[in-house]
Each structure stands twice: as structure tokens, then as C-alpha cells.
Amino acid sequence: MNASPTLVLINGKNPLSRGGGYQTYTYNLAKLLTSLGYRVHLFCFGRNNGVNRSSIGIIHTVASRFYYLPILQSIEVAGLVVLAPILARAIGAAFDSTARLVVWGMGPWTLAGAILKAFRRRNTHLVSSYLTTFAHEFQGTKRAVNLHDYGPQQVVKVWLVGKTLIPLYTFLERFFLGSSDIIVVHYRSARRILSSQFGIAKTKLVRLPYYAEPVARIQARQTAAIPIVSKPLVVIISR
């Protein structure tokens with residue numbers, strides 16, 4: 001048996017082929033873990049089943065006709081209930097039952113890891129990176145805009161989401177966050193939100209620097225200092 005476990009990162013989209021928040025997050029995390037010498041496997045959806053080596057680890061693409069439904073291309077998490085079990089099954093099939101796995105879910109994709117852990121309790125450690133909850137983000141979105149400016153149809157749509165999808169996803173959150181051995185957060189606000197909504201113990205919540213930060217520090221040491229110029233220097237910072 002190997003001394004260190006295999007790290008399995010779960011995200012719906014391939015971090016090498018498509019841009020976006022979770023893809024960038026997964027890419028940075030995988031690159032950091034690989035540079036530290038860990039064996040990293042990434043599971044995501046693709047047009048065809050495949051296994052390919054890359055600079056950030058071994059990428060397993062899982063083919064599913066459900067993933068490419070038009071509605072899921074704009075609202076990916078809408079298909080979480082259907083898609084997460086597919087990824088869980090693919091991960092279970094890729095590794096021997098005796099293999100030691102640290103399964104790391106990106107946000108809601110932790111559901112796939114929780115399903116896997118439910119059937120593979122032995123040798124499976126579940127980590128979740130979580131930024132906020134469905135309910136908190138939904139309420140924040142409602143407060144940010146005046147829905148009546150968008151017409152009655154949008155008001156009804158948001159009302160239905162609040163009465164149906166949000167309770168469902170909150171139930172799923174309670175399941176996969178409860179199944180997680182460690183929940184990684186990057187902000188005090190995220191730790192506060194998770195603790196207040198789900199009563200998660202502070203010992204389970206681990207606050208770490210954002211993964212782009214240590215990579216940026218390494219690159220900063222390898223590049224020349226920024227030259228002083230007469231024109232204003234515009235610096236854009238984004239997570």
C-alpha cells in the first residue's frame with residue numbers, strides 16, 4: 001500500500017477546456033497539489049469517456065447525455081441530482097476498493113463524493129471546498145435586484161425556485177456537508193454562514209488561503225520587479 005493516498009478532485013467541467021469559477025478553482029488546486037508531489041486525479045464530464053495525463057494530474061472524462069442538455073449548460077447545478085451519482089459511479093469503478101482515496105469536492109459537486117463515501121466508507125476521506133450555501137446565495141440575489149423590474153414572469157420563476165429547488169438543494173447540502181470529514185473555506189464569512197445554517201462544528205471547518213495566492217507568491221519570486229512608470233498602474237484582483 002502506498003504511504004500517501006490518491007487525491008480525487010471532482011468538478012463538473014473540465015478545468016483545462018472550459019473557463020469559469022469552479023474550473024479555475026479546480027485548476028489552481030490541482031496544480032498546487034501536483035507541484036507538492038501528490039497523485040491527483042480529476043473527474044469531470046466530457047463528450048467521450050477518456051483518461052488523459054496533463055500538467056495538473058490525470059483527467060478522467062465521463063460521457064453523459066444528460067450533461068449536455070441545453071438547460072444544464074446555463075444552470076449546471078440544476079442537474080446535480082442526476083449527474084452526481086454518475087460521477088460517483090465512475091470514481092468507484094476507476095479505483096480498487098482497497099485504494100486509499102481523499103475525495104475533494106468542488107462546492108456542490110461534493111455530493112458525488114458523499115454518494116461514493118456512502119458505499120465505500122472504508123479508505124475514503126471526504127473533503128469539501130465550500131464558498132456559501134444555496135439559500136444564502138439565493139437570498140443575496142433577491143436582495144440585489146428588484147425582481148418587479150423584470151416582469152411578473154420572473155417574479156413567479158424566482159418564487160418557484162425558492163419554494164422547490166432551494167429546499168431540495170439545502171437538503172442535499174446538509175447530506176454532503178455532514179458526510180465531509182473536512183470543509184475548506186477561504187473567508188470568515190463562509191465559516192459563519194455554514195456554522196449558522198447547518199450547525200457545523202468549527203473544528204470541521206478549516207480556513208485556508210485561496211489557492212491562487214501561494215502560486216502567485218512563487219511566480220512573484222521568479223519574475224522581475226514591476227517597473228515604475230509615470231502612468232497609473234491598474235491592478236485587477238479576482239478570485
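Asparagine 123 sits in the loop that links α4 to β6 (124–129), in a model that is predicted. This residue has a positive phi of about 65 degrees even though it is not a glycine. With a relative accessibility of 26%, asparagine 123 counts as partly exposed, because buried means under 20% and exposed means over 50%. From here, let's look at the whole protein and then visit a few spots in turn.

**The whole protein**

- The protein has nine helices and eight strands.
- Out of its 239 residues, 41% count as buried.
- Take the contacts with a separation of 6 or more: 60% of them come from residues 24 or more positions apart.

**Where α4 meets α7**

- Two packed helices are described by the angle between their axes and the distance between the axes.
- Here, helix α4 covers residues 110–119 and helix α7 covers residues 165–179.
- Their axes come within 9 Å and cross at roughly 60 degrees, and the crossing is left-handed.
- On the α4 side, the contact is made by Thr110, Leu111, Ala114, Ile115 and Lys117.
- On the α7 side, Leu172, Phe175, Phe176 and Ser179 make the contact.
- Sort the residues of this contact by type and you get six nonpolar, two polar and one charged.

**A look along α7**

**Serine 179, in α7**

- Serine 179 lies in helix α7 and is buried, because its relative accessible area is 19% and the cut-off for buried is under 20%.
- Leaving out residues up to four places away in sequence, serine 179 touches Ala114, Lys117 and Leu126.
- Serine 179 and isoleucine 115 are 64 residues apart in sequence, yet their C-alpha atoms are 9.0 Å apart in space.

- Phenylalanine 119 and alanine 88 are 31 residues apart along the chain, with their C-alpha atoms separated by 9.6 Å.

**Histidine 136, in α5**

- Helix α5 spans residues 134–144, and histidine 136 is part of this helix.
- Histidine 136 counts as partly exposed because its relative accessibility is 38%.
- Not counting residues up to four places away in sequence, histidine 136 touches Ile193 and Gln197.
- How far apart are histidine 136 and glutamine 197 in sequence and in space? They are 61 residues apart along the sequence and 9.0 Å apart from C-alpha to C-alpha.

**Two buried loop residues**

- Asparagine 14 belongs to the loop between β1 (6–10) and α1 (21–35), and it counts as buried because its relative accessibility is 13%.
- What does the side chain of asparagine 14 reach? The side chain of asparagine 14 gets to the backbone nitrogen of leucine 16, at 2.9 Å.
- Setting aside neighbours within four places in sequence, asparagine 14 is in contact with Gln23, Cys44, Phe45, Ile59 and Thr61.
- Serine 64 is in the loop between β4 (57–63) and α2 (70–74), and it is buried, with a relative accessible area of 9%.
- Beyond its neighbours within four places in sequence, serine 64 is in contact with Phe45, Gly46, Leu83 and Ile86.
- Phe45 turns up in both lists: asparagine 14 is in contact with Phe45, and serine 64 is in contact with Phe45 too.

Terms used. Residues are numbered from 1 along each chain as its sequence is written. This is a predicted model: local features need pLDDT of at least 70, side-chain atom pairs count only at pLDDT 80 or more; totals for chains, interfaces and linings use all residues. Side-chain values use heavy atoms; hydrogens and water are left out. Axes are lines fitted to C-alpha atoms, for helices over the stretch in contact, and angles run from 0 to 180 degrees between N-to-C directions. Helices (H or I, at least four residues) and strands (E, at least two) are DSSP runs, numbered from the N terminus. A crossing is left-handed if the near helix is turned anticlockwise from the far one by less than a right angle, and right-handed if clockwise. Contact means heavy atoms within 4.5 Å. Ala, Val, Leu, Ile, Met, Phe, Trp, Tyr, Cys and Pro count as nonpolar, Asp, Glu, Lys and Arg as charged, and the others, Gly among them, as polar. Buried means under 20% relative accessible area, exposed over 50%, partly exposed in between (1.4 Å probe, protein chains only). A polar contact is a pair of N or O atoms within 3.5 Å; within protein, one must be able to donate a hydrogen and the other to accept it, and residues adjacent in sequence count only if both atoms are side-chain atoms.
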